[in-house]
Amino acid sequence: EPVTEFSPAVIRVPYNRISELKPGSLWDSCPIMSTEDYPEILKYGRVIRNKLCNGPMYVLTLSNYEYANKKCPKNYNEKVIDRGFTGKPRDLHSTLLKLSKSLQVPIIQINVKNSLEIKQLGKKLLPELRKFGLHPGDSTFLAFTILTKSILITSDDRLLFSSVHAQCPKPIDFQIFLEKIMQPSPITVVLRERRNYYKNHN
């Protein structure tokens, strides 16, 4: 099938427009980093997009802070051993452009810093879901998911559990999602090798 040419785009939306947003899918920082660490994932962009909901693709400006001062793995061994990465600095904007091109859709980045409704709901969720591991940063992602009735895409078990107990639309575990598409996903391969490495070096 012919591939539609698409110019990658990251559209920024201010905090006071959140209530106008349509349901879509919200990408947590972890799966975005995975596309940076495993660029082969981007080859499956159209398949990934087709398996997601038809709504917009959202990213929060909170990911800018989670990306700050972090580095990519320098090589394959660093991925497996995982004792701290020493490669090039992570670049959220560049990664989002590549992801946008791969998915063939614009990515909408939401400024949540001054959103009162996000702050109020996040504050309400924390005591209710703290026992599932929810913390202030993740409560922002969860609050946005609830307010926009979006689907959360994450690799964070604590955030997944919290989403289920908050009765959000069924969240997507990114690793399991990729495994069904790529069989096996590169994340699964590295995790398997990591388990074997530490089993043989302890």
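## Elements and Overall Form

Helices (H or I, at least four residues) and strands (E, at least two) are taken as DSSP runs and are numbered from the N terminus. Under this scheme, P184 is placed in the loop between α9 and α10. The model described here is predicted. Its chain contains ten helices and six strands.

The chain has 202 residues, for which a compact globule would have a radius of gyration near 17 Å; the value for the chain is 17 Å, so the two agree. Along the principal axes, the C-alpha atoms occupy a box of roughly 50 × 50 × 30 Å. Of contacts between residues at least 6 apart in sequence, 70% connect residues at least 24 apart.

## Surface and Charge

Buried residues make up 47% of the 202 in the chain.

Among the side chains, 30 are positive and 19 are negative. The centres of these two sets are 1 Å apart.

## The Nonpolar Cores

The largest nonpolar core comprises 27 residues, and W27, I41, I48, L52 and F174 have the most contacts inside it. Two or more residues are given to this core by each of α1 (29-37), β3 (57-60), α5 (92-103), α9 (174-182) and α10 (186-200). The greatest contribution comes from α9, which supplies five residues.

A second, separate core has 23 residues, including I108, I118, F141 and A143. As for L52 of the largest core, the contacts of this residue, with those up to four places away in sequence set aside, are S25, W27, M57, I153, I172 and F177. One of these partners, W27, is itself listed among the residues with the most contacts inside the largest core.

## Helix α1 and D37

Helix α1 is mostly covered, with eight of its nine residues buried. The buried residues of α1 are S29, P31, I32, M33, S34, T35, E36 and D37.

D37 belongs to helix α1. Its relative accessibility is 12%, and D37 therefore counts as buried, the limit for that class being under 20%. Residues up to four places away in sequence apart, D37 is in contact with C72, P73, K79, F85 and R90.

I176 is a residue of helix α9. Because its relative accessibility is 48%, I176 is classed as partly exposed; the exposed class requires a value over 50%. I176 and I187 are eleven residues apart along the chain, and their C-alpha atoms are 9.6 Å apart.

Q183 lies in the loop between α9 and α10. Although Q183 is not a glycine, its phi is positive, at about 45°. The relative accessibility of Q183 is 60%, so this residue counts as exposed. Q183 is joined to P184 by a cis peptide bond, with omega at about 0°. P184 is likewise assigned to the loop between α9 and α10.

## The Loop Residue N69

N69 is found in the loop between α3 (62-67) and α4 (76-81). This residue has a positive phi of about 65°, despite not being a glycine. With a relative accessible area of 82%, N69 is exposed.

When neighbours within four places in sequence are left aside, L21 touches V13, Y58, I110, F144 and T148. V10, which is eleven residues from L21 in sequence, lies 16 Å from L21 in space, C-alpha to C-alpha.

Methods:
Residues numbered from 1 in each chain as written. Predicted model: local features only at pLDDT ≥ 70, side-chain atom pairs only at ≥ 80, totals over all residues. Heavy atoms only, no water. Rg over C-alpha atoms; globule rule 2.2 N^0.38 Å. Buried < 20%, exposed > 50% of the residue type's maximum accessible area, 1.4 Å probe, protein only. Contact = heavy atoms within 4.5 Å. Lys, Arg positive; Asp, Glu negative; His and termini not counted. Charge placed at Lys NZ, Arg CZ, Asp CG, Glu CD. Core = buried A, V, L, I, M, F, W, Y, C linked by side-chain atoms within 4.5 Å.
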